[in-house]
Protein chains: 2
Amino acid sequence: MSYGYVGKVLRVNLSDHTTTVEEPSDDWYRKYMGGTAVIAYYLLKEVPADADPLGPDNKIIFATGAMTGTPLAGSGRNCVGAKSPLTGGFGDTQGGGWWMVELKKAGFDHIVVEGQSDEPVYLWISDGEVEIRDARHLWGKDTGDVEDLIREDLGDDRVRVTQCGIAGENLIRYACVVNDLTHFPGRTGMGAVMGSKKLRAIAVRGTGEVPVADKDEVAKYARMMNKAVADGERSAGMKETGTPATVMSLNVRGGLPTRNFQEGQFEGADAISGQTMRDTLLVERDNCFACPVYCKRVVKGDKYDVDPLYGGPEYETLGSLGSNCGIDDLEAVCKGNELCNRWGLDTISCGMTISFAMECYERGVLTADELDGLEANFGNAEAMLKLIEKIAHREGVGDLLAEGSARAAEKIGPEAEPLSVNVKGQELPMHEPRLKHALGVGYAISPTGADHCHNIHDTAYTANADDLNIFGITEPLPADDLSSAKVRMLYNVSNFKHMQNCAVMCYFVSWSTREFLEITRAVTGWDTSVHELLKIGERAATMARLFNMRCGLNDRDDALGKRFSTPFTSGPIEGTAPDAKDLDSARITYYHMMGWDDLGRPTASRLAELGVEWLSI
Amino acid sequence: MSYGYVGKVLRVNLSDHTTTVEEPSDDWYRKYMGGTAVIAYYLLKEVPADADPLGPDNKIIFATGAMTGTPLAGSGRNCVGAKSPLTGGFGDTQGGGWWMVELKKAGFDHIVVEGQSDEPVYLWISDGEVEIRDARHLWGKDTGDVEDLIREDLGDDRVRVTQCGIAGENLIRYACVVNDLTHFPGRTGMGAVMGSKKLRAIAVRGTGEVPVADKDEVAKYARMMNKAVADGERSAGMKETGTPATVMSLNVRGGLPTRNFQEGQFEGADAISGQTMRDTLLVERDNCFACPVYCKRVVKGDKYDVDPLYGGPEYETLGSLGSNCGIDDLEAVCKGNELCNRWGLDTISCGMTISFAMECYERGVLTADELDGLEANFGNAEAMLKLIEKIAHREGVGDLLAEGSARAAEKIGPEAEPLSVNVKGQELPMHEPRLKHALGVGYAISPTGADHCHNIHDTAYTANADDLNIFGITEPLPADDLSSAKVRMLYNVSNFKHMQNCAVMCYFVSWSTREFLEITRAVTGWDTSVHELLKIGERAATMARLFNMRCGLNDRDDALGKRFSTPFTSGPIEGTAPDAKDLDSARITYYHMMGWDDLGRPTASRLAELGVEWLSI
């Protein structure tokens, strides 16, 4: 065995309750690496084009990556994918925590779950042993209770649990996956896929070691990063205020999504900021496996009885349930976050679906009656909390909103449709394409619809071009640039990010590109290069694209939506919206750089260059 | 100044006898690096599409590379380019020696020579000072005499000289450039371009230091390679028998070009082999600047009075003037080599043009009368030597053959045309596409026509796939493979080789890809990567392609010729010729991987990806 991390794939069939173990080759591991590409591989190989995302033909894959479980900061992450009930195409989402490291220690790299169980079950994996267990007593329970009950069941407090929440049980199209109660692979509705299979949870206990090719080298880099973070040289400020610091930094620049992306500055930003949280509700800082960054918050509140068991809101949640709903009550936002976590809802799509409903209400597209009597104005925190509850339980208007803003808009009618801010049916995360124009292209072409974990192209990569030098790019470009030179940046950076989603490493630990290369070599033992890493990412994105095409998505689904070509009429980025034609042209240029044709279809020669001739159409 | 090696460009106008000095930016150096790309840059920027290669509008560029003159083995090389009088398109050729290192030490990275002098001149460059000097007394002289006369003129024995020979003066379309008498940037007729400008020589003396970003690191790698070569761990056997060892190794495999590529095994191979040379005519082994490999031969012979001043034949020459002409008299081949060097003829095109004449003679396409009375059978060493003399002086039939085999065939008539073994007018080097099928594609798509210094894709890269791992390619493929997977190898390896032609480093020093990356970083100070290095090569090849297109060449010129789709009827590779359709399909796949369209035209998006939007058509 020439690579450090080659392991096993567990296959679980919930229709006939059988399990098998497969051992892919070294070459397979090197080609697909983990995470996104492994998910795409199984979807393309095994899931029929017309599979109902919530039916027995869909498969859900829990995929670790090359780095998972090593002592390197950022390696405490995992990746879950399936055909998405939200987008109808490639579903893939990443989250932190401890669960997936436990899985790796238990001897498995990936789990492929197929079929559908008649009765609720959970999976119990312990050092290579696998059991499908009855979960009827867990059904309908809060995530916190489920974790307790499973640990009780198994008599081991160290058991790690991933689960879907009642939102998953109720097939909310944006139900998330919940790891260790406070970590969420949140997007593309993977919780609903678990729910549809009646797989409430996967409990894992592993005591093995995660093999790496060069232990000393890995340890050296782990120490280096831990020290750099401790000394404040890397990921500075993340412990102090966490991702919530972004509220103020984006608000100042006019890019804080406000009132369903109608505005870019929020008068209540300060009240829901990371700084305010630190000074008021914060009770603890939390982290993921092996991570010195401690970007996670734990909050507690009396007014709304906010339970610290479920952690605290990230920036994305402060945006989606806060500014984006016009709400400046920090504790209400924290409560909303707690409810989403308790029930297993993606806070981004949930907040965005609520803000959609609020805009519908304010514009008279939905009446209070149609909203079960709620006067759902922007800023109405009570309405926001009530709507979360209704959605999670599919009660009243919640049943409509549980379908996501795009499907809801379609049902409500043409007046509602422009108010759903989504790409491919998935709601936008809390980053403003009018501030960072290439981000609009990134959202449009992301295989999962609008997603901050795919194709993100932040201004960070233009403001600080140093890390682009290694790609041979030496000129920084402004945030509002959409030239082909900017697309070149997007092409390179997004492929690197896609690769990181195969390595399954967090974006928040600031490994340089060069360091990332070195740690990949140390972990895998591969004589690898930036070139190979970029090609791994490109391969993953291309495979996801092919799966989308098979599901009927095409270039017309790579649309950002008209809202973002309408400039703000005030604020620091007044008048700077990207031109729709420029966005389009940048999108096509990106296609071409990816080796796709004008309609976004991968060409045979690029598939050959990526070593996946088997995917030629 | 952020890079180690940024320097100066000397511009010499021979029409008005002026010189100027330019200092390109750091970014320019990083993008174009040196060698091939720098040549392509000036040709594309400054040479009109319809320029006569032998007229005043053509420019000839002497380009060092990032590595030139550093203590790293292989750095004693240089690169010369212009619009080619042989192909009518991109001309570019590389050779070893000391001259170009001296140029760098004199303070110049590149020389751009433009215009045309009325009277013969030579250029004298001494530590930043430049003089255009009278060369009337040098005109018509042997290369050896010219070097002596210049040193006498300048009163300095350490002056290094590059020159064109009488073949250049006489505008032989395959006249080479001669460095230090025994090193030859041989291909694409660059000597004729010098001759057309009446630039007989460039003499240089430099005492400066070649700057590098990290002296210690460069010294460490230099020591490492020197030791590895001394210990026989790298470039093993090269000192003992040099490139001539290839005669036997290819003959055994049936890939030794014999009698104008009609056969692949030569009954007289042993007599002209490197081993025989070592045991008979060899008097010394020679090297280039800073190189421990000592692949160069120096021979002496009495029968033909072979002068050791002009070194000795490489494998290419033993093939072209030996087996390829059916000649098994080693000393005659050595004499032929000496004459070519004395007069400045490319031994490959010269030998191939003679073998073309011999095949014409044997097939009755040319009579002895038409050959000035020579019974030019294969194997006739006297005829071979006589023809070299006639060609160099454009005497009798030599005037016809001085035009190269393709133009000669055109003049002789349709029966002669299939007997000229060339791509884009340039004769094939001594490697057999029926043995190594992808090499046939490499020759077809090489920007300079058939050329062992562009797009070479040898079986080395399939037999030993280890060095491909760094590109993410893990499967070795056989020599007769032409699948898209093989094209992927060709694409990656040839781009890396193109980059080495920009770094201006020898292929014969066996730096691994990883080591090459590390020494590039150490020399330049760039935070570079395999990705950037590949893109530098791809950029160079694409720019050369664009220049060819501008000169009227197109995809129909990317043709290997029918001879190579006809299998040998005996020998070890009997029946294994590449199928013409497979060659074609591999060629198109290569186009696509390069980001070119079906007709081999670079797309705007690839130009953008390469950061050369200015070249969009």
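B:Ala222 touches B:Pro71 and B:Leu72, leaving aside residues up to four places away in sequence. This is a predicted model. B:Ala222 belongs to helix α7 of chain B, which spans residues 215-230. B:Ala222 and B:Pro71 are 151 residues apart along the chain, yet their C-alpha atoms are separated by 6.0 Å. B:Ala222 counts as buried because its relative accessible area is 5%, and the cut-off for buried is under 20%.

**Nonpolar cores**

The largest nonpolar core has 94 residues. Six of its members touch the most others: A:Leu345, A:Ile354, A:Met384, A:Ile388, A:Ile391 and A:Leu428. Helix α13 of chain A (residues 347-362) gives this core its largest share, nine residues. A second core is separate and holds 93 residues. Its members include B:Ala269, B:Cys334, B:Val421 and B:Leu439.

What does A:Met384 touch, not counting residues up to four places away in sequence? The partners are A:Leu321, A:Ile327, A:Ala332, A:Val333, A:Gly336, A:Ile354 and A:Met358. Of these, A:Ile354 is also among the core members with the most contacts to other members.

**The interface of chain B and chain A**

Contact involves 35 residues of chain B and 35 residues of chain A. The area buried between the two chains is about 2800 Å². Carbon and sulfur atoms give 45% of that area. Which three residues supply more than any other three of the area that chain B buries against chain A? They are B:Arg514, B:His531 and B:Glu609, with 21%.

Polar links also cross the interface. There are 19 residue pairs in polar contact, both residues at pLDDT 80 or more. The rule finds two salt bridges between chain B and chain A. A:Arg514 forms a salt bridge with B:Asp527. Their closest N and O atoms are 2.6 Å apart.

Several helices of chain B form part of the side that touches chain A. Each one in the table supplies at least two residues to that side.

| Helix of chain B | Residues |
|---|---|
| α1 | 26-32 |
| α19 | 484-503 |
| α20 | 513-524 |
| α21 | 530-550 |
| α22 | 580-593 |
| α23 | 604-609 |

How do the residues on this side of chain B divide by class? There are 10 nonpolar, 12 polar and 13 charged residues.

How values were computed:
Residues are numbered from 1 along each chain as its sequence is written. Chains are lettered from A and ligands numbered from 1 in the order in which they are written. This is a predicted model: local features need pLDDT of at least 70, side-chain atom pairs count only at pLDDT 80 or more; totals for chains, interfaces and linings use all residues. Side-chain values use heavy atoms; hydrogens and water are left out. Helices (H or I, at least four residues) and strands (E, at least two) are DSSP runs, numbered from the N terminus. Buried means under 20% relative accessible area, exposed over 50%, partly exposed in between (1.4 Å probe, protein chains only). Contact means heavy atoms within 4.5 Å. A nonpolar core is a set of buried Ala, Val, Leu, Ile, Met, Phe, Trp, Tyr and Cys residues joined through side-chain atoms within 4.5 Å. Buried area is the accessible area (1.4 Å probe) that two parts lose on being put together, summed over both. A salt bridge is a side-chain nitrogen of Lys or Arg within 4 Å of a carboxyl oxygen of Asp or Glu. A polar contact is a pair of N or O atoms within 3.5 Å; within protein, one must be able to donate a hydrogen and the other to accept it, and residues adjacent in sequence count only if both atoms are side-chain atoms. Ala, Val, Leu, Ile, Met, Phe, Trp, Tyr, Cys and Pro count as nonpolar, Asp, Glu, Lys and Arg as charged, and the others, Gly among them, as polar.
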